[in-house]
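Please look over the sequence and the model shown here. The report that follows takes the sheet and its helices, then the paired copies, then the domains.

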Protein chains: 4
Amino acid sequence: MELRARVLIDCEDNKGLVYKISKVFYDRDLNIENNREFVDKEHGRFFMRTVVTGDFDSNELKEALKEVIPSLANLQFIEPKRKKIVILATKESHALGDILIRHEAGELDADIEAVIANHDTLEGLVKRFDIPFFKVSADGLSREEHEVEVMKIIDQYQFDYIVLAKYMRILTPIFVSTYSKKIINIHHSFLPAFIGANPYKQAHKRGVKIIGATAHFVTDDLDEGPIIAQEVIPVNHRLEWRDMQRAGRDVEKIVLSRALSLVLNDRVFVHGNKTIIF
Amino acid sequence: MELRARVLIDCEDNKGLVYKISKVFYDRDLNIENNREFVDKEHGRFFMRTVVTGDFDSNELKEALKEVIPSLANLQFIEPKRKKIVILATKESHALGDILIRHEAGELDADIEAVIANHDTLEGLVKRFDIPFFKVSADGLSREEHEVEVMKIIDQYQFDYIVLAKYMRILTPIFVSTYSKKIINIHHSFLPAFIGANPYKQAHKRGVKIIGATAHFVTDDLDEGPIIAQEVIPVNHRLEWRDMQRAGRDVEKIVLSRALSLVLNDRVFVHGNKTIIF
Amino acid sequence: MELRARVLIDCEDNKGLVYKISKVFYDRDLNIENNREFVDKEHGRFFMRTVVTGDFDSNELKEALKEVIPSLANLQFIEPKRKKIVILATKESHALGDILIRHEAGELDADIEAVIANHDTLEGLVKRFDIPFFKVSADGLSREEHEVEVMKIIDQYQFDYIVLAKYMRILTPIFVSTYSKKIINIHHSFLPAFIGANPYKQAHKRGVKIIGATAHFVTDDLDEGPIIAQEVIPVNHRLEWRDMQRAGRDVEKIVLSRALSLVLNDRVFVHGNKTIIF
Amino acid sequence: MELRARVLIDCEDNKGLVYKISKVFYDRDLNIENNREFVDKEHGRFFMRTVVTGDFDSNELKEALKEVIPSLANLQFIEPKRKKIVILATKESHALGDILIRHEAGELDADIEAVIANHDTLEGLVKRFDIPFFKVSADGLSREEHEVEVMKIIDQYQFDYIVLAKYMRILTPIFVSTYSKKIINIHHSFLPAFIGANPYKQAHKRGVKIIGATAHFVTDDLDEGPIIAQEVIPVNHRLEWRDMQRAGRDVEKIVLSRALSLVLNDRVFVHGNKTIIF
């Protein structure tokens, strides 16, 4: 029977790793559909992503791989299974809408389990697509109290990633660590420029000639997580900050969707505060 | 006799400015070769750049313009005259070389009066083009002492702008204020990201997916002056910081030359910490 | 009473046009919110777009302008009124979906009157947004017969523009001339490269390192109409043509929406086969 | 003794190639400094570029590799040796100048043996760099006769590549086949748009919003050879064709130098009319 798996290996670099790993596949007569590798020489780290097909026993194959790679290696053996996401949003519809349209067209590589927002502005849009929408108002709640309510809903779902589609609230370390390495955010500047609130106002004030957007994994350090994708567009003195905001939306949604596609296809390794993307 | 002038006006916005200014030109039967205007509504500021040709008396025309614009207006009346620049550099040749090649091809819109560097690395290159080269070593000198030596040479020349073509030294407030609004620098990052030393190392460490360069006027605040031009290129995890530096050179030299061309053609207004570019 | 109008003038260039036109506004004490002009020297043609506000009588103002501009000038005097569009599509949802999401967010500057498609693939999506959807199958019909059916529906609506959001059928000269200067198309290549069928296959075969998309007005010459907007993205040897198609969709939808926004805001002049965009 | 070689393999795809090739390296205890591979599934073709270091016997290693790859494979075994180029130019200095500056800075990865031009415009520039310059006027000569004269000079030199740095003459099939796969050209448009004479005039006439440049290997079909690199810049209605030409020069020189760097570092495979670039 023809099976398929994505094999991701992230380990200390050693002489012969490509040989040893490819031998495991060759000995089992597997086809390599796609193969990328990279050695980070600065940190002596080896990264490999291989898509194999053929007639294999998953457990046996995993064990065979573990024998040839260093003992502390990260081995991900990912068999075909549709992923699931939960989306957090606030009021703006462009990033969420882009994901909804891709989902509807069957191009998202994931199911959207639910959309949670701290306002009800987007309820109409989400319901048009028959996707569960939850409003969790932050009014009168502390940051922690609000997050507890949000997490109650999140935890009703099985999911692989939480996507912050212009969710305009700062997350607490508790939230971030609860869903460690699972939260993807779109920040509306080409980080590390304009960290913090209202990057478009900051960009306008600074008089930059380029604005951009950054999709990144969320870590405890605000706007400091590993960057997945970035894109920019030119601007000029004619744009007031609201014009920049409007122009920036196109970049934001494209960058978030591109990053999401990379992550959903298991093309992104995180190492320290950086990403390796195949 | 057919004359030509670039008229630049920067003043408080008022109703009818375009009408009143164009009336001055119309009444004298002048041709408008090119005309751009912009109103900064946030600051109530009017900017206009007009290229006029025809038979005019410069003083009479200037006086007529002064009568219709606000009393505190900045009026620049620029008649055709080849500009002059002095270049400061250190060891890298790409930005300087780009300017030298344009100069040689007659495409620079300026004469290069001299190149001053704190090392002799570039002496050979500059002398190939029969341009005066001065090495002013900073060895054993304080920042101020070194600048005094540099300024002695600069002040031997008449010039319109000082171009920092990868001059890797921080300027003192005295130097900056002496040549206020006349110093153009190329910074090797898309400012305001990676202010300060070695932006490529910083960019590599941060794991950005885009690097860039910024040409700006130099003010007292390091890397904070009005931005003239910016450009970026994509990078990925395969590039070590030296690879980024190498790739970035192409962006640096193009951005500096583009900014220089804008400035030499009197297309750049500076207002506060921002530029208006026609 | 404060009124507002967009004044677009396109005429033979003459000395003093800016003066004469701005005098008309000044004499009536109108505010100029925004003003752009351009002279095409090759064709001796003058273009101006001014947004004026104030207390004016539209007819009187129009007549006053007509008196100062050449007799054959095109004068458009556009008062605030929400525009209407009809969309033609086929099976792909990305370009249509992008417009629907903007419409829903109130960012489109137009109402969508109807969507007409030659397949029913998009019916579900369109109906989610409570917008009339019409399937007009081309099965068994000649090109002319099919268009007659499409035009029957189109003509039920009042509209300013027809938007071809990846409508994969070639239009006849009759259709094009019926809606002359009102049809906006998105072509999936950076024209004039890869005119005709399946540009992505052509691009893949040619081995280009850049692909793109072009929004243009439709004229009788297939893919030859005036270009409104273009954008590109880098590609490499790893992309098969279907990957290029997928990557290209993001460019297509952004370029179409950007062009649409320019047209709906009356920022686009068409002169001969080219556009002037303010 | 530590040796180094670039191993390039281009052959029919077969199961186990990565395993077999990496086994050859592993068995000889070699370090893999860098490794990239790609399978063109459409044509069933395998491409691999590996940089190996260690203590090896070149002939023995080559023989060992030949035993594990298909008999018709292209195997290039490239040991460190500075490459040589001959440059052909006409009158424009920007592309040539960019190469000269890189050469002077030691960043070209090649020696420039000679510059040959059909005019003497560039003689002064080239001689500034102490590089042999030859003017071969085409006046009164047929295309073939002129090329015979050019080839007489070319053939005095040993070289790896001929670089056409804005050489504005069409080459005959004889010239092209004599230096097959060795000629790199920069074309001043984003091919396949605007094949043939004066692409900037064509681009201006067509009213495109983007212009570009393409570096490619030269084949018998004019402007149809395998593309190595492309880049574009935005333009608008304000640019006359000479402005486009001026703006385009920056793109041309950067694209040519980037392509040259890829070729000189043996990063470019040509397969059919396309390139695979690692």
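## Helices on the sheet

Helix 1 (residues 17–27) of chain C lies across strand 1, strand 2 and strand 3 (45–54) of chain C. Helix 1 of chain C runs at about 15 degrees to strand 3 of chain C. Helix 2 (residues 58–68) of chain C lies across strand 1 and strand 4 of chain C. Helix 2 of chain C runs at about 160 degrees to strand 4 of chain C.

This is a predicted model, where local features need pLDDT of at least 70, side-chain atom pairs count only at pLDDT 80 or more, and totals for chains, interfaces and linings use all residues. Residues are numbered from 1 along each chain as its sequence is written, while chains are lettered from A and ligands numbered from 1 in the order in which they are written. Helices (H or I, at least four residues) and strands (E, at least two) are DSSP runs, numbered from the N terminus. Axes are lines fitted to C-alpha atoms, for helices over the stretch in contact, and angles run from 0 to 180 degrees between N-to-C directions.

## The sheet of chain C

Four strands of chain C form an open sheet in the order 2-3-1-4, with antiparallel pairing. Strand 2 (31–40) and strand 4 (74–78) of chain C are the edge strands, and each pairs on one side only. The twist averages 10 degrees from one strand to the next. Two strands pair if DSSP finds at least two bridges between them.

Strand 1 (residues 3–12) of chain C pairs with strand 4 of chain C in the antiparallel sense over five bridges. C:Asp10 stands opposite C:Asn74 in strand 4 of chain C.

## Chains A and B

24 residues of chain A are in contact (C-beta atoms, placed from the backbone, within 7 Å) with 24 residues of chain B. Strand 11 (227–234) and strand 13 (274–277) of chain A each supply at least two residues of the side that touches chain B.

## Domains of chain A

The domain assignment, automatic or from a database, gives domain 1 (3–78) and domain 2 (83–277) of chain A. Their centres, taken over C-alpha atoms, are separated by 32 Å. Nine residues of domain 1 of chain A are in contact with five residues of domain 2 of chain A.

Technical notes
Contact = placed C-beta atoms within 7 Å.
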